[in-house]
Amino acid sequence: MKNPLIIAIDGPAASGKGTLSRKLATHFDLPHLDTGLIYRAVGQALLQVDLPLDNEELAAEVAQNIDFSKLDRKALSVHEIGEAASKVAIMPKVREILLQAQRDFAAKGAVLDGRDIGTVVCPNADIKLFVTASPQIRAKRRFDEMIERGRTQDDVTYEAVLADLKVRDDRDMNRKDAPLKPAQDAHLIDTSKMDIETAFQTVLDLVKHTGL
Ligand code: C5P
């Protein structure tokens, strides 16, 4: 197999791209970077000290100090932090600061997942995937996850999660800088009616056919 192998996985929230990325990283013995976590870390840092989420200079300063080796997935997976992340992610200065560090991470071979990996961060990736699913299915997955983690149906509803997800999709797809969209050479994987194992096997077949 050619080295270093770079696998770029993009897609909207709750499409299944995170689980798929982790499985692929394990299978190919590659490091994995969930790039959503870095935007989440910027959002979290601002929320923690009650700073506004619409000040580009402040957010850029915070982004400078994000330590990629200290991203706490569990703490960062809170729904509100995802919302904050998508607000700071529209800022060109924040994206520019985080771009080089993501490329450095990819340089020795890696699986990266996010919104702009195949289009901006790693346009020369060996394999590009765009993982998606219907908004209703994604909202249901997110809602079930939240209930599993202890939220109750009194403080969160499926309808509210679906509405938030649509707002986030819209913000991610329509921002000027590095919007969420499939790279021209990305393989589309719709997980609406697919479990993760089937998605994983689909990608392995793809890799085999690519001859990597
Ligand atoms: O994937 P996750 O839901 O953790 O991402 C949180 C937010 O971070 C996204 O909604 C998006 O606005 C932003 N993001 C991004 N570019 C990436 C990864 C995430 O803009 N490569």
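Asp34 has Asp113, in β3, as its bridge partner. This pair belongs to a predicted model, in which local features need pLDDT of at least 70, side-chain atom pairs count only at pLDDT 80 or more, and totals for chains, interfaces and linings use all residues. Residues are numbered from 1 along each chain as its sequence is written, and side-chain values use heavy atoms, with hydrogens and water left out. Helices (H or I, at least four residues) and strands (E, at least two) are DSSP runs, numbered from the N terminus.

**The sheet**

Five strands form an open sheet in the order β2-β3-β1-β4-β5, with parallel pairing. Two strands pair if DSSP finds at least two bridges between them. β2 and β5 are the edge strands, and each pairs on one side only. From one strand to the next, the twist averages 20°. Angles run from 0 to 180 degrees between N-to-C directions, and axes are lines fitted to C-alpha atoms, for helices over the stretch in contact.

| Strand pair | Sense | Bridges |
|---|---|---|
| β1 and β3 | parallel | five bridges |
| β2 and β3 | parallel | three bridges |
| β4 and β5 | parallel | four bridges |

Individual residues mark these pairings. Ala8 has Leu112 of β3 as its bridge partner. Phe130 stands opposite Leu188 in β5.

Five of the five residues of β3 are buried, so the strand is largely enclosed by the rest of the structure. Buried means under 20% relative accessible area, exposed over 50%, and partly exposed in between (1.4 Å probe, protein chains only). In a regular strand the side chains alternate between the two faces of the sheet. From β3, Ala110, Leu112 and Gly114 point one way. Val111 and Asp113 point the other way.

Asp116 sits in the loop between β3 and α7 (117-121). Asp116 counts as buried because its relative accessibility is 4%. Leaving aside residues up to four places away in sequence, Asp116 touches Asp10, Arg95, Val121 and Ala178. Contact means heavy atoms within 4.5 Å.

**Helices on the sheet**

Helix α1 lies across β1, β2, β3 and β4, running at about 175° to β3. Helix α6 (residues 92-106) also packs on the sheet, touching β1, β2 and β3. The direction of α6 makes about 145° with that of β3.

The 12 residues of α1 should span 16 Å at 1.5 Å a residue, and its end C-alpha atoms are 16 Å apart, which agrees. The expected span of a helix is 1.5 Å times one less than its number of residues. Buried residues in α1 are Lys17, Gly18, Leu20, Ser21, Leu24, Ala25 and Phe28. Seen down the axis of α1, the buried residues fall within an arc of 160°, so they line one face of the helix. The arc is that of the directions from the helix axis to the C-beta atoms. Their cover includes β1 (6-10), β2 (32-34), β3 (110-114), β4 and α10. Just after α1, Asp29 takes a positive phi of about 55°.

Helix α10 (residues 196-210) has 15 residues, which at 1.5 Å a residue should span 21 Å; the end C-alpha atoms of α10 are 21 Å apart, in agreement. Ala199, Phe200, Val203, Leu204, Leu206 and Val207 are buried in α10. Down the axis of α10, the buried residues fall within an arc of 160°, so they line one face of the helix. The face turned away from the buried side of α10 carries the exposed residues Lys208 and His209. Among the elements covering the buried residues of α10 are α1 (17-28), β4 (127-132) and β5 (187-190). Gly211 follows α10, with a positive phi near 80°.

**The cores**

A nonpolar core is a set of buried Ala, Val, Leu, Ile, Met, Phe, Trp, Tyr and Cys residues joined through side-chain atoms within 4.5 Å. The largest core has 30 residues, of which Val42, Leu71, Leu112 and Cys122 touch the most other members. β1, α2 (36-48), α3 (56-64), α5 (79-88), α6, β3 and α7 each supply at least two residues of this core. The largest share, six residues, comes from α2. Leu71 touches Leu33, Leu37, Ile38, Ala41, Ile66 and Leu76, not counting residues up to four places away in sequence. A second, separate core of 19 residues includes Val131, Ala199, Val203 and Val207.
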